[in-house]
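Work through the following exercises with the sequence and the model at hand. Each task is followed by a solution in steps.

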Amino acid sequence: MRTLYPWRVADDTSEYLLTGVRYQREGTVGLCILNAPNHNALTPEFADAVVAALEQAENDSDVTAFVLASEGPSFCSGADLGMLARVGKDPLNDENFSGIGRIYSLFERLQNARIPTLAAVNGALVGAGLNLPMACDLRIVSDDARFIGFGRAGAHPGGGHLAMLARSLPTTTGAAIALFNQEMSAEQAVACGFAWAVVPRAELMRTALDIAASAGGDGELTRAVTRTYRAVAEIRPTPRGAVLLERAPQMWSLRRRLSR
């Protein structure tokens, strides 16, 4: 079986053919490949499939990291325009309200993942399309990546977009995107700390998988560190609180290591 990228396709590949989302194991990495219509436009079904892939990775004790990558020319074009048109006509319709909520739940779920998450970003990201990589722990970008906020769509940001901007970017950069509708390039993304590295498009997938594999092969330890990291990021403890928060899991890990 051949794919666009030169990596091995695992024997236990699961296909989500109707949603354009495919999950497969690559060693200790759970790889979620996006190839949905309209440059991976966000729909409720697409969101559900990504969450299902994440849960499959989390429930596999041998998986220590989760990677999101696009098989097409762009990572995510934002919310599906047909869906937005329906929602705009009647935002409080039960189906419309629930559908948008399922997309928002995807962003929440990624931010609360039990394993580290990495987005391998290529091409253009627009509006809510930025939320997808921002919800991940780490981002690797190709040299053709472009980041465009909600301004061009003429809509107020949603899905926690502004909070993720404030968390992921320096204040000046976040203001440029959210308030002045400025586009951020791949080089700017790395310079401001939004992305870890920029690489040629042809090297994006391999780089992302190599970095994800560096999370190691100890699934139990990875989940423990991830759990503590998320708690620290959420509550921003005092120095004393940080010591206490880390002490118990560190002692657990040392005892576990010495008992092997």
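**Exercise 1.** Determine how far strand 3 (residues 29-34) is enclosed, and which strands pair with it.

Solution. 
1. The model is a predicted one. A residue is called buried when its relative accessible area is under 20%.
2. In strand 3, six of the six residues are buried, so the strand is largely enclosed by the rest of the structure.
3. Sorted by face, Val29, Leu31 and Ile33 lie on one side and Gly30, Cys32 and Leu34 on the other, and both faces are covered.
4. Strand 2 (residues 21-26) pairs with strand 3 in the antiparallel sense over six bridges. Here Glu26 stands opposite Val29.
5. Two residues separate strand 2 and strand 3, which form a hairpin. In its turn, Gly27 has a positive phi of about 65 degrees.
6. Strand 4 (residues 65-70) runs parallel to strand 3 and is joined to it by six bridges. Ala65 in strand 4 is the bridge partner of Val29.

**Exercise 2.** Find the pairing partners of strand 7 (residues 138-142) and state how well this strand is covered.

Solution. 
1. Four of the five residues of strand 7 are buried, and the strand is mostly covered.
2. Strand 5 (residues 117-121) is parallel to strand 7, with four bridges between them.

**Exercise 3.** Locate one negative and one nonpolar surface patch, and check one member of each for exposure.

Solution. 
1. Asp143, Asp144, Glu187 and Glu203 form the negative patch.
2. Glu187 belongs to helix 8 (residues 186-191). Its relative accessible area is 48%, so Glu187 is partly exposed.
3. The nonpolar patch is made of Leu221, Val225 and Trp252, with about 240 Å² of accessible area together.
4. Trp252 lies in helix 11 (residues 239-258). With 31% relative accessibility, Trp252 is partly exposed.

How values were computed
Residues numbered from 1 in each chain as written. Predicted model: local features only at pLDDT ≥ 70, side-chain atom pairs only at ≥ 80, totals over all residues. Heavy atoms only, no water. Patch = residues over 30% accessible without salt bridge, like charges linked within 9 Å, V, L, I, M, F, W, Y side chains within 5 Å. Areas by Shrake-Rupley, 256 points an atom, 1.4 Å probe, with all protein chains shown as cover. Salt bridge = Lys/Arg side-chain N within 4 Å of Asp/Glu carboxyl O. Lys, Arg positive; Asp, Glu negative; His and termini not counted. Charge placed at Lys NZ, Arg CZ, Asp CG, Glu CD. Buried < 20%, exposed > 50% of the residue type's maximum accessible area, 1.4 Å probe, protein only. Pairing = 2+ DSSP bridges.
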